[in-house]
Amino acid sequence: MKGWKVGSAEELLGMTPDEAAYVELRLKLSDAVRDFRKKKHLTQIELAELLHSSQSRIAKVEAAEESVSLDLLIRSLLALGATDQDLAKVITGKAGRVFAE
């Protein structure tokens, strides 16, 4: 058949289900950092100060850049006051946009 084929990003990139799940987790965590920071009415600079980091690093956290570790994503959420239950909701996908106002 000629023409376009509709498929997923995972198919296009040749990702395994585990790789796709890992990428999805990173995206959920980075979205949660941004949402939680905004709920706390903090700027990226203020969050950076809490983490002894830089604003540009926080921008990378919120953009889910590949160079950002899972450790930094989770430490960012904890610094913002996220609880274990909040983290569980993010990881399981049950949080939605609960952190946003």
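1. Start at Gln44, which touches Arg37, Gln55, Ile58, Ala59 and Glu62, leaving out residues up to four places away in sequence. Contact here means heavy atoms within 4.5 Å. Gln44 lies in helix 3. Helices are DSSP runs (H or I, at least four residues), numbered from the N terminus. Gln44 counts as buried because its relative accessibility is 19%. The cut-offs are under 20% relative accessible area for buried, over 50% for exposed, and partly exposed in between (1.4 Å probe, protein chains only).

2. A word on the source. This is a predicted model, where local features need pLDDT of at least 70, side-chain atom pairs count only at pLDDT 80 or more, and totals for chains, interfaces and linings use all residues. Residues are numbered from 1 along each chain as its sequence is written, and side-chain values use heavy atoms, with hydrogens and water left out.

3. Back to Gln44. Its side chain joins that of Glu62 in a polar contact of 2.9 Å. Such a contact is a pair of N or O atoms within 3.5 Å; within protein, one must be able to donate a hydrogen and the other to accept it, and residues adjacent in sequence count only if both atoms are side-chain atoms.

4. Now the largest nonpolar core. Of its 17 residues, Val33, Leu47, Val61 and Leu77 touch the most other members. Two or more residues come from each of helix 2 (17–39), helix 3 (44–51), helix 4 (55–62), helix 5 (70–79) and helix 6 (84–92). Helix 2 gives the most, with four residues. A nonpolar core is a set of buried Ala, Val, Leu, Ile, Met, Phe, Trp, Tyr and Cys residues joined through side-chain atoms within 4.5 Å.

5. Not counting residues up to four places away in sequence, Val33 touches Leu47, Val61, Glu62, Leu73, Ser76, Leu77 and Leu80.

6. Next, charges. There are four salt bridges, each a side-chain nitrogen of Lys or Arg within 4 Å of a carboxyl oxygen of Asp or Glu. Arg75 and Asp71 form one at 2.8 Å, N to O. Both lie in helix 5, four residues apart, about one turn of the helix. Arg75 counts as partly exposed because its relative accessibility is 39%.

7. Salt bridges that share partners also join Asp31, Arg34 and Asp35 into one network. The Asp31–Arg34 bridge spans 3.0 Å, N to O. The Asp35–Arg34 bridge spans 4.0 Å, N to O. Asp35 and Arg34 are both buried. Asp31 is partly exposed, because its relative accessibility is 28%.
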